[in-house]
Amino acid sequence: MRKTLTSRRAWALATLGVLLALGGYLLLSNPKDDNGARPRTGLTISTGRTDSFRTGAGFSIDEGPVAAAVHWHGGPIAGVVYFTAGPDPKSTDVYRVQGTLANAKRLTHSRVNLGVSWMTGRPGQIVIASGRAGAIDHIESLEQFQRGSPDPGLRGSSPALDSDGTLAYEVNSRTHGLDIIVKPPRGAARRIPHSPGGVAVWGPGHRLYIAGNKRVTASKRRQPFVVAGFGGRNPQIVSLPGRRVQPIIAVSRSGDIASSDGDGHLTISPAHGAPRRLTLPWIPMRWSPDDRRLLVLRAHDAFHGGRHVGLLNPKTGAIREIGSVTGGTVNVAVWLPSDRRRDRP
Amino acid sequence: MSDCLGCGRRWATAMSIVAPVALAIATNATAAVPKAGPVVSHSAGMVLAVDPRTDQLVSAALPGHTVVHERNGSMLFRAATGPTNVSPAAAQFNSEDPVWQADPGPVSASPGSDTATVRATRPGGGYACVSNRPEDPLFRIYRPKYVSYLNRAEYVQFTYHLYKRSHARRLGGVEQKQLEMCTVGGAHSRGGWRLTRVVSSFAAATPGRTIIGSRGGNHVDENGVVQSSLNFAVAGGPITVSAALTPHRQNTFSWSQGPDKDIDLGRRNRYASNQVNTYWESPDTFIFDGSTQFQGNVAQGLYELPQTTRDPIFVTNANNSLICGKAGSKFGLTKCAKR
């Protein structure tokens, strides 16, 4: 009897030992981790995006981390100015300045690389283009963007909002190049083919202004120009000095055109009179509501943006720096005399 | 009742004896499990570029490497696998030679056709990168390229799919185009070998950072599929490029953006800022670690460049690690089939 008991105890001990050994092995080697239920082995370089990305097809707006904010410095400016600024050209957000630049308020929180690519507006209404709907530009109101609406808006780029609410924006041509769609507040939209390539801006008399570079016949040289009244009955070609013109121009209410050539020259082409070419490393952004000053950005081009914002006196050519940003660059501006628009809390 | 008066004390006494013994047995049992020998890794890759004259995707294979290293990281052996042979697709299944191949995979519908999807599949079926919008005139689907490798130790195949969307958006007045690379595939060990890691990486060889998004598979869903998708959004709804694979449900599926521990794209991770990696991996401590099943993963990367610039060159690399699943020899490799 005693011998049998001893034998049973030995078997029990051996069984217990085997079980403990098996448990030890499972703890040490972790052979099956049930797809991440247990701590993973090996190296995993995480971008931090894995959890925020949705898996599966469909429209999604919550991908990636939010872009970092830029910090504003500077003094007072009249009226209300909306800027787009961000840590890099693809991750820009809308900021609103009313009073001093140092008190700029961030209005949007876009995802990294899916920021606001262009902005336009009139008192009480701001329209933006952004890549939030999958990295390809869509146009929508600022409020729609802030809400994170599941409706991505219109497919298109570089919107321009006229004072009467007419929206112009560019789309890919059915054949080659770019077309402009003009969409009045009421009535049917119309398509204007063969955009010269610049960004459309509304000028006086509800006329569209677009810059372009035309190849001179039998020459490699290009001739910069601006079409005033693009798509209208009597379009007017304004030749610009220099070798080329950047796609972004500013047009005042009186029809004065401010442009840059990307080589450190800023040109003011008045509606009546000869153009003035200034050697300045600044690019035009927007005319003031009273047309007396030009908001300029110290930059090579609007894509890379710049840190310093200034005001140009077009009569003297003098520039007064009014502020700057750190932690990123400024890209686009909309300057309004007042703002009936109310911020979301 | 009286029989159990001393039970607690007897149990404590017994456990004071049993616990050290059991621990000793457990330790001995763990130590008795044969440890795996050195880890053998194979890698090879391709350079992919869009020919501006024909707008077709062309490829050139890069030399591969075989590296044998101990599990503590010390390298025992490293050799280039020689000049890479680019040969017809049909030859790969008849060859026992270690030949990396870079060939277009079978395409079931031509770009721009009315067929709903364009896909490339592994011979025998199983995995694909699929686009749901081939009819968009500005959305270009290039003929996929694949790297495959077959010998007595392993079978590896990864496909690389390139998509381009011209005039995607305009940033600061500059028009941008977007390119998406999708990779899907995996490996299967043979001849007594066990797979412990399989990874596929790609990067756009641009001097600056051009990647704007990435995604990969990180779990096997209830249908046994590991998948990911990334969107290009256009009028009428998004273009979604989806990738799916059906591996064996085991161990870790994951992906990353940046350098990988086994793969160096370009010298000293030169293109690491644009690099996307997708991998499956398991422990490699004991001879029964690893997998003898088909394992792999999927990943996608979205890149953006100014419309007027040339399309970037893409660099790809596939790497798999094996341990011998048979105990016996001192070196730990000789019991398994030679490659």
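**Strand β22 of chain A and its surroundings**

In this predicted model, strand β22 of chain A, which spans residues 294-298, is mostly covered, with four of its five residues buried. On one side, β22(A) pairs in the antiparallel sense with strand β21 of chain A (residues 282-287), and this pairing extends over five bridges. Within it, A:L294 is the bridge partner of A:W287. The two strands β21(A) and β22(A) form a hairpin with six residues between the strands, and in this hairpin A:D291 takes a positive phi near 65 degrees.

A further pairing joins β22(A) to strand β23 of chain A (residues 308-312), again in the antiparallel sense, and here four bridges are found. In this pairing, A:L297 stands opposite A:V309, a residue of β23(A).

Chain A as a whole comprises two helices and 25 strands. Of its 345 residues, 42% are buried.

In soluble globular proteins, nonpolar side chains tend to be buried together. The largest nonpolar core of the model contains 78 residues, and those with the most contacts inside this core are A:I128, A:Y209 and A:I249. When residues up to four places away in sequence are left out, A:I249 touches, among others, A:G198, A:V201, A:Y209, A:V226, A:I257 and A:P284.

Technical notes
Residues are numbered from 1 along each chain as its sequence is written. Chains are lettered from A and ligands numbered from 1 in the order in which they are written. This is a predicted model: local features need pLDDT of at least 70, side-chain atom pairs count only at pLDDT 80 or more; totals for chains, interfaces and linings use all residues. A nonpolar core is a set of buried Ala, Val, Leu, Ile, Met, Phe, Trp, Tyr and Cys residues joined through C-beta atoms within 7 Å. A residue is buried if 20 or more other C-beta atoms lie within 10 Å of its own, exposed if 12 or fewer, and partly exposed in between; C-beta atoms are placed from the backbone. Two residues are in contact if their C-beta atoms, placed from the backbone, lie within 7 Å. Two strands pair if DSSP finds at least two bridges between them.
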